[in-house]
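Q: I would like to learn how to read a protein fold. Please show me the structure first.

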Amino acid sequence: MKQHEYTFQLMEFTVPHVPHNETGSTDHAADLQVSRTAQFQTTWPQEGTAVVAAFGELDAANGVEFVDYALRQSEHAQRLVLDLSGLSFFATAGFTALHTFNVQSVGQDIRWALASGPAVQRVLRICDPDATLPVCDDVDEAVSAVHEDPPRLLHLVAESR
């Protein structure tokens with residue numbers, strides 16, 4: 001019987017955006033989780049605001065794990081920014097994860113925005129053509145967006161005759 005040799009390579013990720021608050025320190029310790037093909041990290045640019053970044057690949061193997069990770073951060077934050085600009089691959093299962101996150105966030109009254117990158121934009125053009133998700137060009141714009149006043153909702157008014 002022939003034996004096979006397998007080599008595994010540890011993926012390394014760089015974190016391009018590690019925001020800090022005005023005092024130069026983070027409010028909470030940076031939280032890091034390594035998934036099968038991705039790495040998730042949370043930083044705290046302001047009190048009550050978390051930036052949850054994903055690096056690597058977001059697909060069916062780790063989409064649910066990412067949503068769970070991001071929602072855990074909401075225990076300490078009223079505003080969340082999902083920074084997916086560091087993804088090299090984003091599958092349609094990643095869009096399903098974003099949709100699930102959106103539904104959960106609305107149910108928990110969490111303000112959130114998405115900083116996307118090229119891999120995410122390709123899928124969003126197909127899966128979200130009406131731009132229903134709160135997508136921003138970069139993390140700074142997304143942080144600003146979650147701090148703006150929420151849009152006013154339309155109310156139905158009965159017509160009197």
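Q: Which strands does α1 lie across, and at what angle does α1 run to β3?
A: A note before the answer: this is a predicted model. Helix α1 lies across β1, β2, β3 and β4, and its direction makes about 165 degrees with β3. Helix α2 also packs on the sheet, where it touches β3, β4 and β5 and runs at about 175 degrees to β4.

Q: How many helices and strands are there in the chain, and what pattern does the chain follow?
A: The chain has four helices and six strands. Reading along the sequence gives β-β-β-α-β-α-β-α-β-α.

Q: In what order do the strands stand in the sheet?
A: First the general idea. Strands of a sheet pair through backbone hydrogen bonds, and the pairing is either parallel or antiparallel. Here six strands make an open sheet in the order β1-β2-β3-β4-β5-β6, with mixed pairing. The edges are β1 and β6 (135-136); each has a single partner strand, so one side of each has no neighbour in the sheet.

Q: How do β1, β2 and β3 pair?
A: The pairing of β1 with β2 is antiparallel, over four bridges. β2 and β3 are also paired in the antiparallel sense, over seven bridges. A hairpin of three residues joins β1 to β2. Between β2 and β3 there is a hairpin with two residues, and G48 in that turn has a positive phi of about 80 degrees.

Q: Is β2 mostly covered or mostly exposed?
A: Strand β2 is mostly covered, with eight of its nine residues buried. For the chain as a whole, 42% of the 161 residues count as buried.

Q: Which residues of α1 are buried, and what do they pack against?
A: The general idea concerns the turn of a helix. An α-helix has 3.6 residues a turn, so residues three or four places apart point the same way. In α1 (residues 63-73), the buried residues are G63, F66, V67, Y69, A70, L71 and Q73. The buried residues of α1 pack against β1 (31-34), β2 (38-46), β3 (49-58), β4 (79-90) and α2 (92-107).

Q: How many aromatic pairs does the structure hold, and why is the pair of F40 and Y69 called tilted?
A: There are three aromatic pairs. For F40 and Y69, the ring centres are 5.7 Å apart and the planes stand at 35 degrees, so the pair is tilted. F40 belongs to strand β2 and Y69 to helix α1, so the pair ties together parts that are 29 residues apart in sequence. Both F40 and Y69 are buried. Together with F66, they form one aromatic cluster.

Q: How many residues are in the largest nonpolar core, and which have the most contacts inside it?
A: The largest nonpolar core has 30 residues, and L82, L84 and F90 have the most contacts inside it. Two or more residues of this core come from each of β2, β3, α1, β4, α2, β5 (111-115) and α3 (118-127). Apart from this core lies another, of nine residues, including V81, A113, A115 and V146.

Q: What is F90 in contact with, leaving aside its neighbours within four places in sequence?
A: With those neighbours left out, F90 is in contact with L58, L84, F95, L98, A119, V120 and V123.

Conventions. Residues are numbered from 1 along each chain as its sequence is written. This is a predicted model: local features need pLDDT of at least 70, side-chain atom pairs count only at pLDDT 80 or more; totals for chains, interfaces and linings use all residues. Side-chain values use heavy atoms; hydrogens and water are left out. Buried means under 20% relative accessible area, exposed over 50%, partly exposed in between (1.4 Å probe, protein chains only). Contact means heavy atoms within 4.5 Å. Rings of Phe, Tyr and Trp (its six-membered ring) pair if their centres lie within 6.5 Å; planes under 30 degrees apart count as stacked, over 60 as edge-to-face and the rest as tilted. A nonpolar core is a set of buried Ala, Val, Leu, Ile, Met, Phe, Trp, Tyr and Cys residues joined through side-chain atoms within 4.5 Å. Two strands pair if DSSP finds at least two bridges between them. Axes are lines fitted to C-alpha atoms, for helices over the stretch in contact, and angles run from 0 to 180 degrees between N-to-C directions.
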